[in-house]
Amino acid sequence: MIHTCWERWRQGHRTISYPEGPMPELPARFRGRPVIERGDPDEAGGPGPEVCPTGAIEIGRDACAIDLGRCLFCGACETTKGPWRIRFTNDPRLAGRRRGDLRAEPGLEARLAEELDARWKRLFGRSLKLRQVSAGGCNACEADANVLTTIGWDLGRFGIQFVASPRHADGLFITGPVTENMRLALRKAWEAVPAPKIVIASGACAISGGPYAGHPETHDGCGRFVPVDLYLPGCPPHPLTVLDGLLRLLGRLEGRDPNPG
Amino acid sequence: MSAMSAGPGLPVRNARAFALKDVPRMNLAAFRDWLLTSCADGGRIAAWFVPQGKAGGEMFAALAMDEEALIEVAAAPAVDAFDAITPECPQAQAFEREIWEQRGLEPRGHPWRKPLRFPPSVPGRQAPEVGRGEFYRVEGEEVHEVAVGPIHAGVIEPGHFRFQCHGEEVLHLEISLGYQHRGAERALNVLPAGSARWMAIAETLAGDTSVGHATAACQVLEALAGREAPARAMAIRGIALELERLANHVGDLGALAGDVGYLPTASFCGRLRGDVLNLSAEICGSRFGRALVRPGGTAFDLDEKLCAALLARLGPIERDLAGAVAMLWSSPSVMARFEGAGELSRETCERLGLVGPVARACGVRRDVRHDFPSGIFRFGHIPISTWESGDVFARAYVRALEIERSFAFVRKQLEALPDGRARRVLPPLAAGMGAVSLVEGWRGEICHVGFTGETGELLAYKVVDPSFHNWFGLATALRGQAISDFPLCNKSFNLSYCGHDL
């Protein structure tokens, strides 16, 4: 017992101060929101958009766009040559409310997730219980959702909690491309959540099918089966991306939104 | 290494190519005899499959002879029906079910011939609905059945469990999977080998084992192309693999503590796991080691400054972890729950062909890093960690031992990273070759097999995740246990659903 207390004292308090304090520093090589800048239109010989594993990039002479809902954030497109340069910043704020908002284009300002409307915010703003459903997720999205419940992040301090039963939940937190073999279970879980309810699609698979898009064994994400209220891009989304998205949805970042670098 | 095998299979080395024409083609009786004799003599089925597509006329098997440090391969005709070896050699059970489910070959006399993954469409056959079918039942007035899943209570992957219970006691547990079936292995067979999409799928076969699976996959391609990754890349892969092991083992120890209600270790390890994941992110930007391992080497290099920064961060993590783990062994309330729970005998472990920390916790000396070293593990050795008791405690303790040794290994590699480049261009794959690639992932042996065709195209690709071997071990460990100990036993195995379902 003394040993336990000693160790507790020695290891100390480890919960991040964000969002009251600054956003935790991310590794230099972390790939967050990409930016697209002008390159050299006459440059040739380098790799093209085929370096993208999921076909998330469109490159033309006059336009370039990245679908963040398909992007795996692997950074391979940073090597493309030609009229456009793609560079990943380490800004983890990627969450969007609409599928069409998950887009990076030259000069386009990021449309970050807006908060719920007043009625929904009154219901969920201070207490949001989520049932996580993995429907073909590879356990990375699941693991980095789970990590928010550890002492480092302490999701509970925002009134957000993952619960065991869909009947105790206010919404679903879905990962995976939705396998055919999980389609029925996902529907049952969705139906079991009492209305009004929200749906969060976490990771490229849940948003677009990710690397499994187009497979007959999967359904290219959950959007075909349930109405999605919040999209969390990434493969997997960084815990900060998830936390940022959840807090934005609940309107908990008002007035303390740090300026992006 | 011992002398060449006297066995009839072709001896091959881990991650080294062999000519497909040299693989002995046996008749069914000889093939069966080879499997049975080898397995009775300490051999293990690392892979046994009928390839998809053009190579589908034959079945191939790769046997791992751990003690002799030898892999043997052989082939036999893929006929409509063959005599199952499972009744005599239980470790074959999932392989024979898979061959039946994927390719329609009937393993005659298989005692447990049930779907493994319920693929939604099987050519020429009405696919059974996932989770439907006959479950093993125990009859009796006081016997009751508990069904759990596919969706479980926690933030974890789906699968269906059926318990046959008498009061609290579990008489039998049947595990029915397939909910995570994404067509991953099928895609690896049809996509261009080593392409961006192919690698993205290799890294998400089991997303918590990205480095392990990506390394196994790249080793196959590098063997088939006849060009090894540079020494520096091997070291970086080894560091990333051990960081992956550290993160998951630390997480497992925390979760085990949580499952017996011992919150200090659960809390500390939950944070420390994240600290280790952040080291992986320093290397390649991804906490899960994504986009690091690529054909021909690694996509990221480490400079001296980064090596020093990583070394500086290892120390505090190691110290905090040692404190958190020591508390487990000195807490009687924890030890009372860990000891004797979910026991597996060494004999059962060997008969079921279990791998990884689960096998080592039964006293079995089995570790790819030691038995079939590839890459950096040929130069930097990691001692095998074993314990004898086969229970939850042993599975926790083996993880703790492995944590210590992985820290030491990572430190040693970071201190003396080989010079040179981290990546070389991979030449085209050679025609008519095969390669078996084994990697000791944190759950155990990962096996990838690749064959090339006449023009050097990838003809066939096979993935065997360690969980493919070990799920049956969990079912067996539960017999005679209290059902209330299931979460604890399950966590002590911590198997992959998507790695199994592919």
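## Helix 15 of chain B

Six of the eight residues of helix 15 (residues 486–493) of chain B are buried, so this helix is largely enclosed by the rest of the structure; buried here means under 20% relative accessible area, with a 1.4 Å probe and protein chains only, and helices are DSSP runs of H or I with at least four residues, numbered from the N terminus. The buried positions are Phe486(B), Leu488(B), Cys489(B), Asn490(B), Ser492(B) and Phe493(B), and the helix is followed by Asn494(B), whose phi is positive, near 40°.

## Basis of the model

This is a predicted model, in which local features need pLDDT of at least 70 and side-chain atom pairs count only at pLDDT 80 or more, while totals for chains, interfaces and linings use all residues. Residues are numbered from 1 along each chain as its sequence is written, chains are lettered from A in the order in which they are written, and side-chain values use heavy atoms, with hydrogens and water left out.

Leaving aside neighbours within four places in sequence, Leu173(B) is in contact (heavy atoms within 4.5 Å) with Phe161(B), Arg162(B), Phe163(B), Leu474(B), Ala475(B), Leu478(B) and Phe486(B).

## Interface between chains B and A

The contact takes 62 residues from chain B and 58 residues from chain A. Together the two chains bury about 4600 Å², 56% of it on carbon and sulfur atoms, where buried area is the accessible area (1.4 Å probe) that two parts lose on being put together, summed over both. In chain B, Val155(B), Arg182(B) and Arg197(B) lose the most area to chain A, together 16% of what that side buries.

Four salt bridges are found across this interface, each a side-chain nitrogen of Lys or Arg within 4 Å of a carboxyl oxygen of Asp or Glu. Asp144(A) forms a salt bridge with Arg287(B), where the closest N and O atoms are 2.8 Å apart. On the side of chain B that touches chain A, helix 3 (184–190), helix 4 (196–203), helix 7 (263–284) and helix 8 (304–329) of chain B each give two or more residues, and helix 7 of chain B supplies the largest share, twelve residues.

Key:
Buried means under 20% relative accessible area, exposed over 50%, partly exposed in between (1.4 Å probe, protein chains only).
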